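This report reads through one structure, taking its chain contacts, helices and charged pairs in turn. Please keep the sequence and the structure at hand while reading.

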Amino acid sequence: MTDMLDHPMREAPAVEKESLVELRELVVDYEIPGRRVRAIDHIDLTIHAGEIVGLAGESGCGKTTTGNAILQILREPARITNGQILFQGEDLVALSREQLRRFRWRNVSMVFQSAMNSLNPVMRVGDQFVDMMHAHQRISKRHALAQAGELLRMVGIDPDRTRSYPHELSGGMRQRVIIAMALALKPELVIMDEPTTALDVVVQREILQQIDALKRELDFAVLFITHDLSLLLEFADRIAIMYAGEIVESAPAAELYRAPQHPYTQGLMGSFPPLTGPIERMIGIPGSPPDLSNPPTGCRFHPRCPHCRSEDAVLYERQIADRPVLKPVGTDHLVACHLVEEGL
Amino acid sequence: MRYLLRRLGFYAIALWGAVTLNFLLPRLAPGSPIDGLMARLPPSQLAANPHMVENLRAYLDVQQQPLPQAYLGYLKQLATGDFGVSTSNFPAPVSDVIGRVLPYSIFLVGTAFLLSFLLGTTIGMIAAWRRGGIVDNLLTPTFMSLGAFPAFFSSLLAVYFLGLKLGWFPIQHAYDLGLSPGFDWAFLSSAFRHAQLPILIIVLVYAGGWLLGMRNVMINTVEEDYVGLAHAKGLRDWRVMTHYAGRNAVLAPLTGFAAQFGSAVGGLIFIEYVFSYPGAGLTLQQAALGSDYPLAQTLLLFFAVCVLVANLVMDLLYVVLDPRVRTG
Amino acid sequence: MSNIAPLEPVGPSLSDEPVGPLALPSSRRRRGFGLPVWARLLLGNRKSCAGIIVFAGIVGAAVAAPWLAQNSPTDLVGLPGQPPNRDFWFGTTDQGYDVFSQVVWGARTSLTVAACAAIASTVIATTLGLLAAYSGGWIDDVINLITNVFLVIPTLPLLIVISAFVPTRGPLIMVLILGFTTWAIEARILRSQALSIVKRDFVQAAKVAGEGTWGIIWREIMPNMVSRIAAGFVFVFYGSIIFAAGLEFLGFGDVNGTSWGVILYWAQNNSTVLQGAWWHFVFPGLAIALTVAALVFINYGVDELSNPRLRGPRRKRRALLGLVSGRPAVRAEEAR
């Protein structure tokens, strides 16, 4: 596993930055008549200014819901039923509709999963930029279009393309348009939800390099949501691992790579083959993610955990009854696992 | 562009088909229409117009010329705008009669149908945007039930309640007796007043269909990513509803516009009949009852052409509204 | 209990295969409670069940006309212009006819005419639609052309003009006229449905085996489209009710006959509306509207037959079936 990646990883920034976004005890429920599915169960997450935080997990673990919750764009029947989302100290959950509207995009923006469908098919690309600018600032249309052109140039697209319709652009171009749009108002945080999943690897790399360059220029924080842990190990400063609506581990990328503590994280690490090095046997994670309308009691991972055995009676009792809580192990490294607590 | 040309070709063929059907109708009719017609005409009229019989014979031309020749002759007549002579308005040519009544119908159905489309789609858009809200819970079922009654029943109800009982609207004819058509204020305002109730009925009866169509598409459109993104961008709610969701959702019911137009023509006939509104619909009904075949058949052609024109306009509009159709 | 289970889709996740006319299993194979599958589904759906009840009531009233309406609709039985009262439930016309009798007896004519017209129209639509889909080539083109012409020409004006050319009036003529003009929409729909079936292997196999065109159409293709054809039939049925009544209203029916549209014709012609006799037109109009609404609702159920995705939650349906068949339909473990 040591030479899994072919170039060095980011080192965590040494300077202590102020927290930009803080999620405290956040709970999001999907309320369907007769059932309640808890998509996010009391999670805590902190994103600092200028930091790239990765949020990784399997499909359905709640990571997209987290991103949507921060921007407060959760669709019915999802609702935030507990907790706070603090942006620079201010609780977003308590904001009025108009305040939220002004907050969106200006301070926090988002790059959706599929850019293919993120652009209005009947409006020109430039007009969609203008729309957004008009919603947040007083600016003439001509001026706004000019700015839109500049933004396109910034992501490597010909500024004349503001007159194009979305269907006239390629997939990669559309993704870059979305990124340009997300940066238009120079937000402090950009949430990226699987921005490269739908693209081929070559374009993926280009897009990531683009984001990197833009970040160096504009200095925004990124919440990078993906199921591809290998991507995050290269790209992110800190990584949080999500499972079944909970955050089970969070650490700087280098630290996580060096010493993953949670059995789930270890399983994830063992799931992707190295590009170079000897061919090793891959160990996946048996089973499948739990049904969130009826999650396992206690530690949610226990049905699939290789360390959960009924022979260890006392430990087993705890694993199936008590929810593990995030506890620090080492600098900036949090893990929610009974085994780690016990020192195993 | 190719799309439009294809549609145009389709309409041309359909038009030819309609013309041919029109040509064949009198020849397919059992018995001899001319005899039936002759039986109805008062002898005085026959005596006064000896040429009428020949005209009619020539027009109906049942057993005289061989089919292909008659057909070509017919086509030539149509091309030159010669639609024959109206027997119920003898000796006025059919084109004159139609020219007199068609404007009223076009005004009525044009205004009313357009209004019903705008009203229905707007309410449908709002109803779907705020599902379970006041608009949805109140207006959707209201318009659905209004549209459930057949058009002629609704017009009778309207005439009775709104016209007779409440006296809010004039209920007969297109303008006050004593006035004559012209572009003066007195006539126009009277015409407008008389058109109100018929227009209102058409709007109420047909808006429900648009409402439902728009609402159903809109419910799905609301889930689209670009609507979510527009929302996330901090755009104002109504702007997202209209420019992002509505603009896309309206395309689907728009394609049904042309099909609905055919049904609206039917509704128009009933309404003109009930209100004695002197439009093409009432004229058709009376012409048919009075065996005025030239007039009736030409009106049928005109109605078909109107439907085709409506189709064409809709296709044009669609190209304007949906940029994806324009490329290839 | 195994009679019910295999029929319904298992759980909320249906397969991604396009659900077509094959969704209706052969009624010969599965029978439960003595009712064939389609009947149970129709009764299980709340909307179509309501529609069936109302429609059955109207048909029942029509059939029971001699006992229900003692007065003859064509006799002058009462003082003219009476509003509804104890003797004349729907009042009397301006001539003195019993409106209630007219509506009840008129139901016979209106329903029969519409049903026959719908049968004729459906037969034509099915024949042409399936033939066009199966044959392809110039046959398809010709049928398409004719269909398009009939679709483009607005129905009511066409009906009016045809009526003008046909001197006789009466139910039979009405059936013929309606049948020959209303088939186009269904023909188009059935054709596109049939196209997807024609491509399937069993049709190709039958073709190779030497079955003739009509044999394939009637034995292979049509049985798989029964529910769609049924939905189309119901659609043309209530359309025919409206068109027939409309034509009669405009004076193109048999004005001496008894049917809903003719009642309305006389109401309009004798200006009873303007005289304030609302009962003369409201009752026949309501009869028409009610019948049409019932048929529309029945069609909701028929739609479900051809598209299982539309089928509602199992519990409600089973409960109703339980009512119908007298056996408890909700199993213990489901009653959570």
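## The interface of chains A and B

In this predicted model, 27 residues of chain A are in contact with 26 residues of chain B. The area buried between chain A and chain B is about 2300 Å², and carbon and sulfur atoms give 56% of that area. On the side of chain A, the residues that lose the most area to chain B are Arg75(A), Val122(A) and Asp131(A), which together make up 25% of what that side buries.

Polar groups also meet across this interface, where 11 residue pairs are in polar contact. Helix H2 (97-103), helix H3 (125-136) and helix H5 (171-183) of chain A each supply at least two residues of the side of chain A that touches chain B, and H3(A) gives the most to that side, with five residues. Between chain A and chain B there are two salt bridges; one of the pairs that bridge the chains is Asp237(B) with Arg97(A), whose closest N and O atoms are 3.7 Å apart.

## Helix H5 of chain B

Helix H5 of chain B runs over residues 67-79. At 1.5 Å a residue its 13 residues should span 18 Å, and because the end C-alpha atoms are 18 Å apart, the model agrees with that expectation. The buried residues of H5(B) are Ala70(B), Tyr71(B), Tyr74(B) and Leu78(B). Seen down the axis of H5(B), these buried residues fall within an arc of 100 degrees, so they line one face of the helix. An α-helix has 3.6 residues a turn, so residues three or four places apart point the same way.

The face of H5(B) turned away from the buried side carries the exposed residues Pro68(B), Gln69(B), Leu72(B), Lys76(B) and Ala79(B). What covers the buried residues of H5(B) includes helix H1 (2-28) and helix H14 (293-321) of chain B. After H5(B) comes Gly81(B), whose phi is positive, near 80 degrees.

## Salt bridges within chains

Over all chains the count comes to 26 salt bridges. In chain B, Asp315(B) forms a salt bridge with Arg7(B), the closest N and O atoms being 3.1 Å apart. Since Asp315(B) lies in helix H14 of chain B and Arg7(B) in helix H1 of chain B, the pair ties together parts that are 308 residues apart in sequence. Asp315(B) counts as buried, at 8% relative accessibility, whereas Arg7(B) is partly exposed, with a relative accessible area of 26%. In chain A, salt bridges that share partners join Asp29(A), Arg38(A), Asp41(A), Glu246(A) and Arg300(A) into one network.

A salt bridge of 3.1 Å, N to O, links the side chains of Arg258(A) and Glu255(A). These two residues are three apart in helix H8 (residues 253-258) of chain A, and therefore about one helical turn separates them. Arg258(A) is exposed, with a relative accessible area of 60%, while Glu255(A) counts as buried at 17% relative accessibility. Arg24(A) pairs with Glu22(A) in a further salt bridge, with the closest N and O atoms 3.0 Å apart, and Arg24(A) counts as partly exposed at 37% relative accessibility.

## A buried glutamine in chain A

Gln175(A) lies in helix H5 of chain A and counts as buried, at 3% relative accessibility. Leaving aside its neighbours within four places in sequence, Gln175(A) is in contact with several residues, among them Val111(A), Phe112(A), Gln113(A), Pro195(A) and Ile207(A).

## Chain C as a whole

Chain C contains 14 helices and two strands, and 50% of its 336 residues count as buried. Among the contacts in chain C with a separation of 6 or more, residues 24 or more positions apart account for 70%.

Methods:
Residues are numbered from 1 along each chain as its sequence is written. Chains are lettered from A and ligands numbered from 1 in the order in which they are written. Side-chain values use heavy atoms; hydrogens and water are left out. Helices (H or I, at least four residues) and strands (E, at least two) are DSSP runs, numbered from the N terminus. The expected span of a helix is 1.5 Å times one less than its number of residues. Buried means under 20% relative accessible area, exposed over 50%, partly exposed in between (1.4 Å probe, protein chains only). The arc is that of the directions from the helix axis to the C-beta atoms. Contact means heavy atoms within 4.5 Å. Buried area is the accessible area (1.4 Å probe) that two parts lose on being put together, summed over both. A salt bridge is a side-chain nitrogen of Lys or Arg within 4 Å of a carboxyl oxygen of Asp or Glu. A polar contact is a pair of N or O atoms within 3.5 Å; within protein, one must be able to donate a hydrogen and the other to accept it, and residues adjacent in sequence count only if both atoms are side-chain atoms.
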